[in-house]
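Me: I'd like a close look at one part of this model. Keep it brisk, please.

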Amino acid sequence: MWSAFRFPYVIAIHRGEIHRQLKQFHDKYGTVVRIAPNELSYADGAAWKDIYGNRPGHQPFPRNPTWFKKQYPGEPHSIMGFDEEAHARTKRAFANSFSDKSLRDQAPVIESYLNMFMVQMKAPTSGRPWKEKVIDLNTWFNFLTFDISGDLSFGESFDCLKTGKAHPWVEIAQDFGKGLSLVASVNQYPPIDKLLRYVIPKNIRQRQIDHRQMSYAKAKKRLALDIERPDFVTPTKKYSDQKVPLSEAEWEINMMILIFAGSETTASSLTAMTRELVQNRGALHRLTREIRGVFNNESDITIASTGDLPYLNAVINETLRLDPPTTIGVPRVVPKGGDTVCGQWVPGGVSSVAIWWLISNSIFRLT
C-alpha cells in the first residue's frame, strides 16, 4: 500500500506516527524501504553520508522542493528552503552569531535565565508566592528556552519564567511545528494542495498565520533598535550591512525560523534527557557524582565550567542519539541522471531520506 500510494504516508504524519511506522518497516524489511511511489527511506549510516554529505565526483542532493512551497506569492527563500544559493547566503549571514566568540558573549544572558529557572524550581520549598507542588518540567523547559530565544532573537524575553505562564506568542508557537508538518503533507498533492490546506484544522491554520504575523512584528521591532548586544541579530546585521544585505522580508522569515528552532527543540531534548535519567538511576547517580565532585557551589556551575565534563557530555550525546528532537530530516532528491546511495543506483528525481532516529534505534547501525 505504501509503495503504491502516498496517502498512508500523509496519514501517518497527521497522526504523529511516521517515525514509529518507518521503524517497523525497516526492522522487518531491512535498510532500504520504499515508503511512497517515488520515495526511499534508509536506515543506514552510509546513506546519511551519501544523501546529505558532499562526495567527491558526485552532485549534491538538493532539498525536496515539495516540502518548502511558498505560503504566499513573493515570499523569500529562507535558510530552510530548497534554494541552495539562498540557503548558503543566509547561512553565511548568520554564521557569526554562532561563532565561539558570540557564544561566549551570549553565555551571561543564557545563565541569567538559567538562574531564574532554578529560582522557580525551588519556589515551592522556599516560601515564595508560587505554591504549585507538582512541576511539569516539559512546560518549564519550554518557558526557559523560549525566554532565552526571545532575548537572543527579538531583544526581549517573553517573561514566561517570571510569570510562570506561557506568553501568547509561545502558546501559538507550540503549534507551529505541527502546522509545518501538516502543510508539508498536503504539499504532496499538487495542483490541489492549496485546496487541501483547508483540511488542516482551522485553529492550526489560524495559529500559523498569527505566529507569522507576531514574529514579523517582533523582528521589525528588534531591527529598529540601533544597539549592539550579545544576541543573534548584532553579528548578522553587521554582516548584512557590510557585505551581502538581507532584505526586510528575509530577516523576518529567518528570525521566525531561528527562534522556533532554538526553543521547542531544545526543550524537547531537555525533557527527554530528564526522563532517560530518572528511568536509568545508575546513569543519574554517576552524573550526580561527576557534577558534585567538580563543583562545591551551585554558583560555580556555568556554561564554560561544564564544557569539559566527560559524563555530562556523554549523557547529552546519548540523549540526542536516542531521542532526537526532530525524527525526520529534510528529504533530498536524487539529482538528474541518477546516483548511488549505499552502493545501489537510484534514478534521478527519487526522493530519499536517511532518518537519524531510525538509524540509531533500529537493528542497523552506523557503518
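How many bridges join strand β3 to β6, and do the two run parallel or antiparallel?

Reply: Two bridges join β3 (residues 332-333) to β6, and the strands run antiparallel. A strand here is a DSSP run of E, at least two residues long; a helix is a run of H or I of at least four; both are numbered from the N terminus. Two strands pair if DSSP finds at least two bridges between them. This is a predicted model, where local features need pLDDT of at least 70, side-chain atom pairs count only at pLDDT 80 or more, and totals for chains, interfaces and linings use all residues. Residues are numbered from 1 along each chain as its sequence is written, and side-chain values use heavy atoms, without hydrogens or water.

Start with the partners. V333 has S351 of β6 as its bridge partner. Strand β2 (residues 39-42) also joins β6, through four bridges, and that pair is parallel. There, E39 stands opposite S351.

Now the faces. β6 spans residues 351-354 and is covered on both sides. S351 and V353 are buried on one side, S352 and A354 on the other. Buried means under 20% relative accessible area, with a 1.4 Å probe and protein chains only.

Next, the cores. A nonpolar core is a set of buried Ala, Val, Leu, Ile, Met, Phe, Trp, Tyr and Cys residues joined through side-chain atoms within 4.5 Å. The largest has 30 residues, F117 and W169 being among those with the most contacts inside it. Helix α6 gives the most to this core, eight residues. Y9 lies in helix α1 (residues 7-15) and is buried, as are P8, V10, A12 and I13.

Methods:
Buried < 20%, exposed > 50% of the residue type's maximum accessible area, 1.4 Å probe, protein only.
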